[in-house]
Amino acid sequence: MQKHRVVITGLGVVSPAGTEPETFFSNLISGKDFTGPVTLFDPSPYTTNRGGQVRDFDPKKYLNDSEIKRRGRGSLFSLAASRMALAQAGIGDRIADGTRTAVVFGTTMGEAQVLEQTAIIAVRGEIPPSANYPMYPCHVLATNVATALNCTGPAMVIPTACAAGNYAIGYGYDLICNSRVDMALVGGSDPLSELAFTGFSRLRSLTSEVVRPFDKNRKGILIGEGAGVLLLESESSALRRGAEILAEVRGYGLGCDAFDMTTPHPHGEGAFIAATAALKNSGVAPEEIGYISAHGTGTKANDKTETYMLKRLLGEHAYFTPVSSIKSIIGHTMGAASALEAVACVMSLCKKIIPPTINYQEKDPECDLDYVPNIARQVPDLDIALSDAFAFGGNDCVLILSTYR
Amino acid sequence: MSTDIVVTGVSTMSACGTNSAEFWSKLSNDELGIAQRNESGLSGMRIPEINYSKYLTQKGLQFVDRCTKNIMWSLAQELEPEIRKLAQPHQCGLSLGTAFGSLNSTYGYFYDSRVKGPDKINPMNFGNTVFNSPVSHCNILFGLSSLSITICSGFTSALNAIIYGVDYIKGGKGTAVLAGGSEELSMQWFNGFRTSGLLIEDSHLAPYHSENDGTIIGEGVGMLLLESRQEALARGAHILAQVVGAGSCFNGSNFLYTDNSTAGLVSTMQDALKQAEIAPQEISYIMTGANGIQHGDQMELQAISEVFANEVFVTAPKKHFGECYGASAALSAVAAVLSLQNNTSLYSQRLHEGRLDCDLRMLKDIEYIMINAYGYGGYATIILKKQ
């Protein structure tokens with residue numbers, strides 16, 4: 001059976017660097033740091049009080065009162081970003097016939113804030129409100145979107161931690177390729193979680209300053225929040241609707257370190273398996289890659305491993321390929337990270353400019369690639385972007401996007 | 001040419017025992033599961049106490065929570081020998097459906113950090129707080145380095161994980177995938193169902209028979225080893241069943257059992273039949289998703305009646321192991337494989353013109369079994385065929 005080409009016709013963003021894709025991308029290009037003091041909870045017990053908190057998001061701009069009611073912060077993000085993507089694709093507020101539209105989201109902890117609130121109440125010896133319980137299963141991030149937008153195709157959440165957004169995009173791609181659906185709202189969403197602050201603080205992975213991916217003096221991550229959504233569509237559906245095609249999903253690949261729960265394989269084994277599978281799946285040669293949107297968390301282990309893996313994957317071409325990490329700008333938005341990075345890749349492909357890795361000061365001999373330090377770069381011939389994402393458990397997913405021709 | 005996806009192994013643990021032989025013995029003898037209440041007041045159908053070290057080394061148990069240990073133990077006990085026979089064992093994928101995953105660990109980690117202080121909790125337990133922790137620990141233990149995925153879609157989680165595994169192999173991305181579901185009893189889940197009025201106080205669950213409207217929660221693991229037929233034949237594997245059809249959709253309603261529409265389940269059953277290229281009357285019997293919540297049970301019977309114009313036989317396997325949420329349909333799928341292997345059905349009732357006969361029958365000459373899942377999260381159906 002002939003596989004469908006899968007194109008992107010809509011984008012949605014809720015992020016520390018702004019809501020709406022254009023604002024988000026222009027802020028990334030500006031090279032400013034959008035991490036700052038966390039106000040959603042008291043961060044004083046932790047290594048840092050900084051994080052990538054969403055500050056300018058007004059759910060009422062995108063959702064009605066009933067859609068806002070009894071929804072966790074993660075669902076508000078995913079629903080608002082989905083509505084942006086539909087609007088950009090010229091579909092409107094709801095899909096008229098959603099039987100062939102899937103909703104697939106990634107997350108690390110789902111509606112973690114609801115669980116945290118429940119635990120805080122229980123610690124006080126009080127009875128948590130019953131309205132909290134239906135929000136625990138993380139699939140609500142997808143089904144809240146599906147319900148509001150009338151999508152009745154498959155709906156699910158793939159909670160593969162920090163690579164989850166790419167996993168969701170990959171499965172949406174498969175569903176369209178194989179004619180299961182014509183459209184898929186895919187992406188990732190995670191609200192700022194104190195639980196994540198606690199955990200990463202105990203693992204000594206939080207930096208007390210800014211995020212400096214690939215820099216010799218990098219100290220760790222800052223935790224962020226947000227949602228990134230892409231409307232995927234079969235090429236034939238997009239052309240039939242006369243939609244503007246922003247970019248094409250060329251393929252993806254999965255791999256697993258099978259090494260350690262929290263530490264990446266020293267040679268990036270799972271990441272290499274995923275990247276190799278992505279090249280094979282997309283039919284793209286290593287030397288065709290024009291930009292790499294890095295996982296680039298800012299930890300010693302990740303950035304060194306990622307650099308090693310990219311050199312192993314691309315050979316000499318790695319030294320001539322710009323690599324940047326937007327986590328330096330917005331922090332690590334967990335399950336939303338790779339989805340927001342995919343949105344940034346699409347914008348880069350459209351505008352031929354790539355965001356910088358900010359806070360970069362000193363070269364690390366073990367991280368010796370071109371990390372687009374501090375200033376965005378025009379790349380007029382940018383055609384194909386690779387976005388890699390690595391997660392706890394060594395769950396890795398690599399995505400390849402290109403301009404549409 | 002399309003790729004046939006076959007089942008070459010199963011593993012299970014639930015209130016019906018800790019391996020597939022015990023499981024089949026209890027189901028085929030129509031033994032009802034028994035709910036037990038613990039000291040916290042949580043009532044549910046529990047996995048019997050297990051000596052995990054029997055199949056797992058101390059290294060495998062360190063810093064691993066119970067939810068993960070259950071899956072590890074089940075795979076180690078029943079499927080690891082089969083995985084080792086694969087041409088490339090490390091390339092076997094793992095696709096797990098769950099509604100809650102390690103919810104106990106996630107909640108407990110944060111609760112403890114509030115009680116003891118965030119600097120007093122063990123950092124090694126943080127890894128257990130992410131939803132993909134059980135799958136990742138299994139990948140590490142068994143050295144599986146390709147597909148590693150967790151799927152959450154409520155009651156349909158396990159079937160969607162199986163469908164994902166089938167698609168993964170059909171798409172040429174791999175030749176073998178462990179696919180199924182797992183769920184662990186938790187106070188948060190119990191309280192959620194209790195406050196929503198979905199639980200009964202009885203110790204037994206009797207869908208279609210009880211006047212009571214409500215369910216009993218349970219816990220369990222159900223896993224299938226899926227392979228391409230070509231791969232299975234090449235290594236001389238014993239083929240237990242074939243996955244011939246599947247369907248999955250969302251019902252458009254995000255609330256518990258408030259949607260009367262049969263459209264979602266009708267469409268997944270029809271999609272599965274179409275993919276299997278069989279007529280409804282070829283289905284030997286249906287393993288329903290009935291769990292004692294009458295609204296859902298009746299909706300499903302109505303949906304089945306719409307698809308199966310004449311008569312069809314149905315059984316409700318959850319009466320044996322309880323409502324295991326994201327894992328239930330995986331347990332049903334294991335039961336279906338064992339039913340095909342034993343060429344006999346579970347005790348089933350005839351559904352004719354929308355009404356269930358009272359008497360239970362064991363059917364012979366089983367060819368095709370349909371498995372349904374539905375509820376908070378959507379609808380899904382798969383069909384298994386005898387080999």
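Tutor: Two strands are said to pair if DSSP finds at least two bridges between them. Please bear in mind that this is a predicted model.

Student: What makes strand 10 and strand 11 of chain B a pair?

Tutor: Strand 10 (residues 311–315) and strand 11 (residues 349–352) of chain B are joined over 4 bridges, in the antiparallel sense. The criterion is at least two bridges, so the two strands pair.

Student: Why are strand 5 and strand 12 of chain B called edge strands?

Tutor: The open sheet of 12 strands in chain B has mixed pairing and the order 5-4-6-7-1-8-14-13-9-10-11-12. Strand 5 (148–151) and strand 12 (355–356) of chain B each pair on one side only, hence the term. Helix 5 (residues 133–142) of chain B packs on this sheet, where it touches strand 4 (93–97) and strand 5. The direction of helix 5 makes about 155° with that of strand 4 of chain B.

Student: How do you know that the side chains of A:Asp174 and B:Lys173 meet in a salt bridge?

Tutor: Their N to O distance is 2.9 Å. The rule asks for a Lys or Arg side-chain nitrogen within 4 Å of a carboxyl oxygen of Asp or Glu, so this pair qualifies. Across the interface of chain A and chain B, the rule finds 3 salt bridges. There are also 14 residue pairs in polar contact across that interface.

Key:
Residues numbered from 1 in each chain as written. Chains lettered and ligands numbered in written order. Predicted model: local features only at pLDDT ≥ 70, side-chain atom pairs only at ≥ 80, totals over all residues. Heavy atoms only, no water. Contact = heavy atoms within 4.5 Å. Axes fitted to C-alpha atoms, helices over the stretch in contact; angles between N-to-C directions. Polar contact = N/O pair within 3.5 Å; in protein donor to acceptor, adjacent residues only side chain to side chain.
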